[in-house]
Amino acid sequence: MSSSERGKEQVSEGSPSDIHQQQPTTPSRYESQKRRDWNTFGQYLKNQRPPVPLSQCNCNHVLDFLRYLDQFGKTKVHLQGCIFYGQPEPPAPCTCPLRQAWGSLDALIGRLRAAYEENGGSPETNPFASGAIRVYLREVRECQAKARGIPYKKKKKKPSPSKANEESSSTMHFS
């Protein structure tokens, strides 16, 4: 086959970039959720009185947003006076409030932190990366753990595989 025939063959098949233009890729579940979360937060700021422009948003707005979301939570968090406080599986219903689960809030902040920077915000001014947000999430985690009687213990880091391999390879002998 001559080079001109090969060129015609390639043109008729279409280049890889043409394929991407013809079939738009659907965003991943994470990307879709991140976009929804970003839009929800933006709407929350617009609904404030007075509305808060994104450029004026700070960690206090983020904390208020997280507290606002609690009303839509599905996780029972027992109050200290509740007879089921500290029980992971209470035997009966109670009137304690439903809250957003710590894990959901933690994941939400991660998505919003990424979305902020993807939408032009600088890492230095990212309100979702504030120390106050980390403190709030830690307090929520500890409070929910105590209320449900489930200890959250920080997992110990496993030794990195490269160090383990170095140690085992140094003792390996060839016969």
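Start with helix α5, residues 102-118. It has 17 residues and spans 24 Å from first C-alpha to last, close to the 24 Å expected at 1.5 Å a residue. That expected span is 1.5 Å times one less than the number of residues. Helices here are DSSP runs (H or I, at least four residues), numbered from the N terminus. The model is predicted: local features need pLDDT of at least 70, side-chain atom pairs count only at pLDDT 80 or more, and totals for chains, interfaces and linings use all residues. Residues are numbered from 1 along each chain as its sequence is written, and side-chain values use heavy atoms, with hydrogens and water left out.

Which residues of α5 are buried? They are Trp102, Leu105, Leu108, Ile109, Arg111, Leu112, Ala115 and Tyr116. Buried means under 20% relative accessible area, exposed means over 50%, and partly exposed lies in between (1.4 Å probe, protein chains only). The cover over these buried residues includes α3 (29-46), α4 (59-69) and α6 (131-148). Trp102 also has a charged neighbour: arginine 141 lies over its face, 5.6 Å from the ring centre. To count, NZ of Lys or CZ of Arg must be within 6 Å of the ring centre and within 35 degrees of the ring normal. Just after α5, glycine 120 takes a positive phi of about 100°.

Next, the aromatic rings. The whole structure holds 10 aromatic pairs. Phenylalanine 41 and tyrosine 44 are stacked, because their ring centres are 6.4 Å apart and their planes meet at 25°. Rings of Phe, Tyr and Trp (its six-membered ring) pair if their centres lie within 6.5 Å; planes under 30 degrees apart are stacked, over 60 edge-to-face, and the rest tilted. Both residues lie in helix α3, 3 residues apart, about one turn of the helix. An α-helix has 3.6 residues a turn, so residues three or four places apart point the same way. Phenylalanine 41 is buried at 0% relative accessibility. Tyrosine 44 is buried too, at 11%.

Phenylalanine 65 and tyrosine 68 also form a stacked pair, with 6.4 Å between centres and 25° between planes. This pair is in helix α4, 3 residues apart, about one helical turn. Phenylalanine 65 is buried at 2% relative accessibility, but tyrosine 68 is partly exposed at 36%.

What lies in the core? The largest nonpolar core has 24 residues, and Phe41, Val62 and Phe128 have the most contacts inside it. Such a core is a set of buried Ala, Val, Leu, Ile, Met, Phe, Trp, Tyr and Cys residues joined through side-chain atoms within 4.5 Å. Helices α3, α4, α5 and α6 each supply at least two of its residues. The largest share, 7 residues, comes from α5. Valine 62 touches Phe41, Cys57, Ile109, Pro127, Phe128 and Ile133, leaving aside residues up to four places away in sequence. Contact means heavy atoms within 4.5 Å.

Last, the cysteines. How many disulfides does the structure hold? It has 0. A disulfide needs two cysteine sulfur atoms within 2.5 Å. The sulfur of cysteine 59 is 8.8 Å from the closest cysteine sulfur, in cysteine 57, so it is too far for a bond. Cysteine 143 is partly exposed, at 44% relative accessibility.
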